[in-house]
Amino acid sequence: MPAARNGVSELHGLYSKLRTVQNQLQSAPRQMQARQQITAGKQAEIDATKEKIKKLKLSADQSNLQVKTNEAKVLGLKVKLNQAVSNREFDALRSQVEADEMANSVLEDEILAAYEKLDRMKEELTQFETELVALKAAETKLAQELAAAEAGLKAKAAEYQRFIKEAETVIPGEIELAYRRMVQQQGPDAFAAVEGNQCQNCFVTLPPQTLVELKSGKIMFCKSCSKLMHLAPREDRD
Ligand SMILES: [Zn+2]
């Protein structure tokens, strides 16, 4: 046991370290969850892109079918055109043929644009899928890292708890109940360092008598904020 003025500063340090380790242990599932959300987001992007590709392809296929229907119609009209018996009939048929050919030309432009867009979307999809593979690999890596760290952190927490148990032998019996309740609820926040003549939690100036008692090794609570006091922090031990 390293020398400390009254052991309380050591307890304060140990409870702080224990809390840090406990926070790290608790943050692991959140880190994992955040990672999983990113992966799920990418998967959703992929699903949405696939759906868009499907719809665009369906629309292009329908336009293609429409072009073929129109072409057949134009062929039929051209047969009639050759058999036209009057100029009037010929002109009417010719303007119908022209209109249908124009409609097909517009449709063909649209189909071409749709295929170009499909190509771009497929490239995008490939990119997203590559990103998803990388994200899943990162997720696996993080899970492994967290699992590997967990054992070490748990061992560290157990070690700090052991040190705390040893250090707690300095707590006098008459304040032990109050002390237990405080450290259970507040951990390292149950303690307050005293610097100069001030409690560093509530910044109330302590009476000279209290300082004398603290320096003599007496363990006591701050009358103002009820924290367990100790003189200015000693060097922390790892
Ligand atoms: Zn105080």
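**Close-up views of a predicted model**

**View 1. Strands β1 and β3 run parallel and are joined by four bridges.** Two strands count as paired if DSSP finds at least two bridges between them. Strands here are DSSP runs of E with at least two residues, helices are runs of H or I with at least four residues, and both are numbered from the N terminus. In this pair, Ala193 stands opposite His230 in β3. The structure is a predicted model, in which local features need pLDDT of at least 70, side-chain atom pairs count only at pLDDT 80 or more, and totals for chains, interfaces and linings use all residues. Residues are numbered from 1 along each chain as its sequence is written.

**View 2. Strands β1 and β2 (residues 198-199) run antiparallel and are joined by two bridges.** Glu195 stands opposite Gln198 in β2, and Val194 stands opposite Cys199 in β2. The hairpin of β1 and β2 has two residues between the strands, and Gly196 takes a positive phi near 65° there.

**View 3. Three strands form an open sheet in the order β2-β1-β3.** The pairing in this sheet is mixed. Because β2 and β3 stand at the edges, each with a single partner strand, one side of each has no neighbour in the sheet.

**View 4. Helix α1 covers residues 8-82 and bends at Ser27.** The helix has 75 residues and reaches 110 Å from its first C-alpha to its last, close to the expected 111 Å. The expected span is 1.5 Å times one less than the number of residues.

**View 5. The buried residues of α1 include Leu11, Leu14, Leu18 and Val21.** A residue is buried if 20 or more other C-beta atoms, placed from the backbone, lie within 10 Å of its own; it is exposed if there are 12 or fewer, and partly exposed in between. The buried residues of α1 pack against α2 (87-167), α3 (173-186), β1 (191-195) and β3 (228-231).

**View 6. Residues 234-238 have pLDDT under 50.** pLDDT is the predictor's confidence in each residue, from 0 to 100. The protein averages 92, and 95% of the residues score at least 70. For residues 234-238 the model has five contacts beyond four places in sequence, a contact being two residues with C-beta atoms, placed from the backbone, within 7 Å. Where pLDDT is low, the predicted coordinates should not be read in detail.

Conventions
Bend = angle between axes of the 7 residues up to and from the residue.
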